[in-house]
Amino acid sequence: MEGKQIIAVTNRNLCTRPFLQVMEELAQKELKTIVLREKDLPEKEYEKLAGRCLEICQKTGADLTIHNFISAARNLGVKKIHLPYSVFLKEADTLGDFDSVSTSIHKPEEVLHAQELGLQVIFLRQTAKKGWRPEVWTF
C-alpha cells in the first residue's frame, strides 16, 4: 500500500488529556484523514469545535472529515463528510460539492447499494452486541 492509509476517528470523551492537544498530535501524524466523530454534541457546539480542529489541521496540512453535520462542513469549507448510513441515503443526491463522502456500513448488502449511489469511502463495521459473533463478509 502506498501513501496515507490510516484514518483516525475521534471520541474526545475517551481522552485522558485535553482533546485539542490530542488533535494537535494527530494532525502531525501521517494520516489519510481525521474524522471528528463527536456524536454527543449539538450541531452548534460541534461546529465550534470543528472550527478549532480545522485550524489545527490547516497548520499541519492534515485532512479533517466532518461527521454527520452537513451544514457545519459547508459553513467551514470542509470538503470531506462522513455520514451515518441512514443520513447518507437521504442526502446522497445533495452531496456533489464534497470531495469525499463516506459512511459506515453494518450489513454486507448495504455495500453495493452505497456504491451505486456514488459513495467513495465505506467503513465496514460489524456492530458488536451481547451474544455477538464475528462474521466473515465476502465481496
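This is a predicted model: local features need pLDDT of at least 70, side-chain atom pairs count only at pLDDT 80 or more; totals for chains, interfaces and linings use all residues.
## Two threonines on neighbouring topics: T65 and T33

T65 belongs to strand β3, which covers residues 64–67. T33 belongs to strand β2, which covers residues 33–36. The side chains of T65 and T33 make a polar contact of 2.7 Å. The side chain of T33 also reaches the backbone oxygen of D63, at 3.2 Å.

Are these two residues buried or exposed? T65 has a relative accessible area of 4%, and buried means under 20%, so T65 is buried. T33 has a relative accessible area of 7%, and by the cut-off of under 20% T33 is therefore buried as well.

## What surrounds the threonines

Residues up to four places away in sequence are left out of the contacts of T65. With that limit, T65 touches T33, I34, V35 and L36, and also Y46, K80, I81 and H82. Strand β2 is made up of residues 33–36, and T33, I34, V35 and L36 are among the residues that T65 touches.

For T33, neighbours within four places in sequence are again set aside. The contacts of T33 are then I6, I7 and A8, together with D63, L64, T65 and K80. K80 is one of the contacts of T33, and K80 is also one of the residues touched by T65.

Side chains of opposite charge can pair when their charged atoms come close. How many salt bridges does the whole structure hold? A search finds 5. One of them is formed by R12 and E38, whose closest N and O atoms are 2.8 Å apart. R12 lies in the loop between β1 (7–9) and α1 (19–27), while E38 lies in the loop between β2 and α2 (43–60), so this pair ties together parts that are 26 residues apart in sequence.

R12 also meets D40 in a salt bridge, with an N to O distance of 2.8 Å. This second pair links distant parts of the chain, because D40 is in the loop between β2 and α2 and R12 is in the loop between β1 and α1, 28 residues apart.

## The R17 and E25 pair

A further salt bridge joins R17 and E25, with the closest N and O atoms 2.7 Å apart. R17 is partly exposed, at 37% relative accessibility. E25 is partly exposed too, at 35%. Elsewhere, salt bridges that share partners join R12, E38 and D40 into one network.

## An aromatic pair

A pair of aromatic rings is described by the distance of the centres and the angle of the planes. The structure holds 2 aromatic pairs. One of them is formed by Y46 and F69, with 4.9 Å from centre to centre and 55 degrees between the planes. This pair is tilted.

Where in the chain do Y46 and F69 lie? Y46 is in helix α2, and F69 is in the loop between β3 and α3 (70–76). The two residues are 23 residues apart, and their pairing links distant parts of the chain. Both Y46 and F69 are buried. Y46 is also among the residues that T65 touches.

Technical notes. Residues are numbered from 1 along each chain as its sequence is written. Side-chain values use heavy atoms; hydrogens and water are left out. Helices (H or I, at least four residues) and strands (E, at least two) are DSSP runs, numbered from the N terminus. Buried means under 20% relative accessible area, exposed over 50%, partly exposed in between (1.4 Å probe, protein chains only). A polar contact is a pair of N or O atoms within 3.5 Å; within protein, one must be able to donate a hydrogen and the other to accept it, and residues adjacent in sequence count only if both atoms are side-chain atoms. Contact means heavy atoms within 4.5 Å. A salt bridge is a side-chain nitrogen of Lys or Arg within 4 Å of a carboxyl oxygen of Asp or Glu. Rings of Phe, Tyr and Trp (its six-membered ring) pair if their centres lie within 6.5 Å; planes under 30 degrees apart count as stacked, over 60 as edge-to-face and the rest as tilted.
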